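Okay, thanks for coming, everyone. Let me put the structure up and then walk you through a few spots.

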Amino acid sequence: MKIVFFGTPEFAVPTLEKLLNHSEFEVLAVVTQPDKRRERGNKLIPSPVKAIATAHNLPVWQPERVKKDTKILTQLKQLDADVFVVVAYGQILSSKILNMPKLSCINVHGSILPKYRGAAPIQWCLYNGEKETGITTMLMDVGMDTGAMLQIATTPIGLLDNAQDLADRLAALGGDLLVETLLKLERQEIQPIPQDNLAATYAPLIQKQDYSLDWSKSAIQLHNQIRGFYPNCTATFRDNLLKITASATLGSVGDRDLPSELQKLVHKLPDLSNISDKPGVVVSITKGIGAIVQTGEGLLLLREVQLAGKRPQSGWDFVNGTRLTVGEVFGAGR
């Protein structure tokens with residue numbers, strides 16, 4: 001099966017590698033986003049997908065707008081591919097491109113469709129506190145993740161999973177599912193299933209304001225925001241910006257899933273429950289673990305934070321380094 005691969009970030013790499021290492025597939029070329037400049041040194045950095053393609057001596061095309069690039073469109077047509085595989089490419093494909101391959105264009109999407117169509121399904125899935133997610137392979141059409149579904153693979157979401165954890169797991173799952181999908185499609189063993197548009201939800205691009213933590217929210221809402229938009233959620237501390245990169249709720253139904261080192265905090269809850277303060281106030285500090293903050297509903301443990309210009313550090317190192325005390329207040333992010 002002759003394949004053109006469209007993809008850009010690390011999430012797409014396991015799928016490309018699965019195709020490259022499988023005897024039934026031949027990757028003819030790779031289409032990825034143009035190299036991006038990094039702040040340090042202002043050097044052009046290739047996408048993770050380009051790095052893999054280059055290492056395998058594959059042709060790599062990086063159009064600014066693929067559907068407007070007549071040269072690329074001609075080259076794509078001339079390849080006479082059986083399938084275009086698309087994994088987090090980052091550009092919308094025109095109907096002209098979608099109709100080029102002999103069999104179809106197949107997308108590997110990071111959710112159980114029709115839920116979380118759009119650009120950031122993993123992040124919004126965590127933000128909304130889902131207990132399960134997965135990968136869907138689908139036939140592409142001109143809509144935003146609206147094509148008929150081919151196969152679905154699921155995975156549970158742990159209480160402390162963040163967006164990076166989940167993306168890594170789903171990326172590996174996606175590679176395996178795509179290989180299975182292609183083989184079954186070639187043997188005509190899959191019947192595409194139309195999506196139920198009435199059940200669809202959307203996962204739009206994340207905006208800067210989505211990172212700001214509002215301590216009047218409940219502990220579980222803040223926890224899901226922190227892990228969903230990892231590692232970028234912000235609060236203010238002593239008038240400085242502070243990223244909170246890992247947390248845990250205390251007193252929620254999910255406490256039994258906490259790792260053993262945090263279970264002892266659950267046993268302290270009868271004592272902590274007598275403490276009530278304004279949202280954002282540090283109500284307790286646990287030696288070796290970190291600060292516990294009052295929220296609009298419930299308590300939130302700060303497991304890992306990052307001061308501006310510094311590396312991430314454990315909640316306890318932060319307490320020691322700043323000499324944090326009970327009664328200090330964290331403000332909203334900005």
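Predicted model: local features only at pLDDT ≥ 70, side-chain atom pairs only at ≥ 80, totals over all residues.

Residues are numbered from 1 along each chain as its sequence is written, and side-chain values use heavy atoms, with hydrogens and water left out.

Let's start with strand E8, residues 132-139. Helices here (H or I, at least four residues) and strands (E, at least two) are DSSP runs, numbered from the N terminus. Six of the eight residues in E8 are buried, so the strand is largely enclosed by the rest of the structure. Buried means under 20% relative accessible area, exposed is over 50%, and partly exposed is in between, using a 1.4 Å probe and protein chains only.

So what does E8 pair with? Strands pair if DSSP finds at least two bridges between them. Strand E9, residues 149-156, runs antiparallel to E8 with seven bridges, and there Glu-132 has Pro-156 as its bridge partner. Strand E7, residues 104-109, is also antiparallel to E8, with four bridges; look for Ile-106 opposite Leu-139.

Now over to helix H6, residues 163-186, which holds Asp-165. Asp-165 is partly exposed, at 34% relative accessibility.

Last stop: is Leu-242 buried or exposed? It sits in strand E11, residues 240-250, and Leu-242 is buried, at 0% relative accessible area. Its C-alpha is 32 Å from that of His-109, 133 residues away along the chain.
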